[in-house]
Amino acid sequence: MTFCKLVAGNVRRHLRDYGVYFLTLTLAVALFYAFNAVGEQQAFLELSMTKALLFEQMTALIRVLSVLIALVLGFLVLYANQFLLRRRQKEFGLCLLLGMGKGRLALLFTAETLLVGALAFAAGLALGLGLAQVLALASIRLFAVDLSRFRAIFSPGSLALTARCFGLIYLVTLAANLTSLTRLRLAELLAAARRNEPVRRQPPLRTALLGLLGLGCAAAGLALFWRRGILPSRTDAHFQWGVGLLAVGTVALFAAGAGALVQWLARRPFYRRGLNSFVVRQVAARLRGNCLTLSVVCALLTVVLVMATVGPSTALAMNRLSDQSTPYDLNVQSTLDPQIDLAAYLTEQGFPVADYCERCAQITVRAADKLTYGDLFAGQRVDLWPVDAEMDLLNTPVTVVSVSDYNTAMAIQGRPAVTLGADQYLLSGNYEGTLAYLRAALRADPVLTIAGTELHSASDAPLGITWYMTQIGNNDRGSLIVPDAVAERLTGSCITVLLAQYRPDTDPDAALGALAPLGADLDSGLRYAERRMMEDAYFGSNAMVVMLCCYLGVLFLLICAALLAIKQLTDMADGLPRYRLLQKLGADPRAVGRALWQQIALYFGAPLALALVYTLVLGTQAARTVERSMNLHLTADLWLAFVLLGLVYGGYFLATWSACRRMVREPDRPRP
């Protein structure tokens, strides 16, 4: 028999053993190719300046992450190889006994893994070609690009990068295979089937102390993140302490949980029914022996769940904010003389307003003389977002606009005007950090004194319409709409704002190019906010958030599921004598299958359950951090997390159960 036929025959006979290995490589290749190929889509060649910059940053970051994750997947493939080596120890022992040298045996096994890898690469590339088109369509929607520009793509550059990463994985695997196989001893290989993992009894006192240590460390770590936030800080080491406490607590919980489970269930009637005692002992041994592996999986699952929860929610909130915060094509703010004709001044400075804008109007935004936000929120327990606390919002004068200027803004938007009596005011606001306090203030029906005039509220709810744009979206923390006579008597600081809508034939990029020199000059007294720029920033940012969360989430979840599957298959290969002994003692095959299902389900479910607990705390804090730093209000959107868990985690669970069931059912005979 030629060497090639021997390799092909071995792969064909052991195809089921290579199942998880093949599946992991196939999915990795498909994801590598698909995400890296998105940048080759022709529709993205005509993006605006802002979107193009964000898209380039996203594709560059994905390429860097691909190389780093290739290293992680390399060690995952190495882990899978260890299962294959252990599964075929007796076969390798027979080969050595029949005179095959260790070098040739290593070459044979390496050739088998290379053949399976080549098949996985081809299958992954075929899957990746289809997935790349789906991702390209999703990216076009996320970046708000015309769908008519979509073209089916094939990316030679992505194929080359995928091949390089795949080759990197196999260099690690090849080195490990050669090292492991050259150290094999014939006696150990032939006795492999008779070796079994010892099950040690854990003292109750040590179990209790270890459990208390785990609970204490995990609770302390979560409390630290809850109180101090989840972002690292240069001023203290709370992030490092929090991670360390969670790591120690997680390992201790898995190590102690095994003993506690046995001790608690051993006192229950459930323990003595059917094969329950066997299942409990098996699970306890797996949890205690694999506490480090399960802890790593729990950490990665927590990251996946947090990203899959916060990422899409952030993107959806940014989309809503983009729609609400851009009622005009252009706003130009000026701190120059309030009496200046801003449109004429901009024309003199090189931005001909009439050439770009169809409609425009100038309004004045004032500051109340003696009324601060602290006065407006008087009587309330106020917990400001950090950005508002840093700017000392409570001691900042309230923003004021005259009813005429407000109605001018509404006319440009095509909205109805509002009316006020001589002693009335309206309150406007759309900033999530203060909106609740504005509503409470109106419910209290305060009488405000502005410019010596007492004013009463004309409405019991704040207006939520954006009446002028700024560079950071919805930041109307609360503004008062007052009669013209009252506004004119204010003597505090003020700015003028030019509100403008473009002509139908205006090129936004050309307008931005003309405005850029004025905005870049810090001494010009001019700042601008432009609809196209803000929308591009919002759409580009949320697209980048969603794409990166999906990419990292799927890869991390793939690593978690594959790690658990391979470890469970390896342990099953070691524990086969126990299951075969149950069958020889007359155990019902259905009961054995049920016991196997319960064991694998608990093994996969334990890290997921703890990760869900961590996600409740860390995900909430991550959402709060995003809300406070980006002026957003997030609503939990868990559908992506459940889809990923069902497809990847659930798929690996079923594949592992199927492979383990086959291992238990197959006859106990040496493989040829």
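A salt bridge here is a side-chain nitrogen of Lys or Arg within 4 Å of a carboxyl oxygen of Asp or Glu. Before you click, note that this is a predicted model, where local features need pLDDT of at least 70, side-chain atom pairs count only at pLDDT 80 or more, and totals for chains, interfaces and linings use all residues. Residues are numbered from 1 along each chain as its sequence is written, and side-chain values use heavy atoms, with hydrogens and water left out.

**Stop one: charged pairs**

Select Asp388 and Arg477. They form a salt bridge, with the closest N and O atoms 2.7 Å apart. Asp388 sits in helix α15 (residues 386-390) and Arg477 in the loop between β6 (453-457) and β7 (479-482), so this pair ties together parts 89 residues apart in sequence. Helices (H or I, at least four residues) and strands (E, at least two) are DSSP runs, numbered from the N terminus. Both Asp388 and Arg477 are buried; buried means under 20% relative accessible area, exposed over 50%, and partly exposed in between, using a 1.4 Å probe and protein chains only.

Next, pick Arg531 and Asp329. This is another salt bridge, at 2.8 Å between the closest N and O atoms. It links distant parts of the chain, 202 residues apart: Arg531 is in helix α20 (residues 531-584), and Asp329 is in the loop between α11 (291-324) and β1 (330-334). Arg531 is partly exposed at 22% relative accessibility, while Asp329 is buried at 15%.

Now go to Asp505 and Arg503, whose side chains meet in a salt bridge at 3.7 Å, N to O. Asp505 is exposed, with a relative accessible area of 60%, and Arg503 is partly exposed at 36%. How many salt bridges does a search of the whole structure find? It finds 3.

**Stop two: aromatic rings**

Rings of Phe, Tyr and Trp (its six-membered ring) pair if their centres lie within 6.5 Å; planes under 30 degrees apart count as stacked, over 60 as edge-to-face and the rest as tilted. The whole structure has 8 aromatic pairs. Show Trp467 and Tyr468: their ring centres are 4.8 Å apart and the planes are at 55°, so the pair is tilted. Both Trp467 and Tyr468 are buried.

Then select Trp597 and Trp657, an edge-to-face pair with 5.2 Å centre to centre and 85° between the planes. Trp597 belongs to helix α21 (residues 589-630) and Trp657 to helix α22 (residues 639-665), 60 residues apart. Trp597 is partly exposed at 36% relative accessibility, whereas Trp657 is buried at 19%.

**Stop three: cysteines**

Select Cys360 and Cys357. A disulfide is a pair of cysteine sulfur atoms within 2.5 Å, and the structure holds 0 of them. The closest cysteine sulfur to that of Cys360 is in Cys357, 6.0 Å away, too far for a bond. Cys360 is partly exposed at 38% relative accessibility. Cys494 is also partly exposed, at 25%.

**Last stop: the lining of a cavity**

Select Ala28, Val29, Phe32, Thr162, Cys165, Phe166 and Ile169, which line the largest cavity. On a 1 Å grid over the protein atoms alone, a cavity is a set of points where a 1.4 Å probe fits but cannot get out, and lining residues have an atom within 4 Å of a point. The elements giving two or more residues to this lining are α2 (19-37) and α6 (156-182), and α6 gives the most, with 4 residues.

Methods: On a 1 Å grid over the protein atoms alone, a cavity is a set of points where a 1.4 Å probe fits but cannot get out, and a pocket is an open set with protein on both sides within 12 Å along at least five of seven lines; lining residues have an atom within 4 Å of a point.
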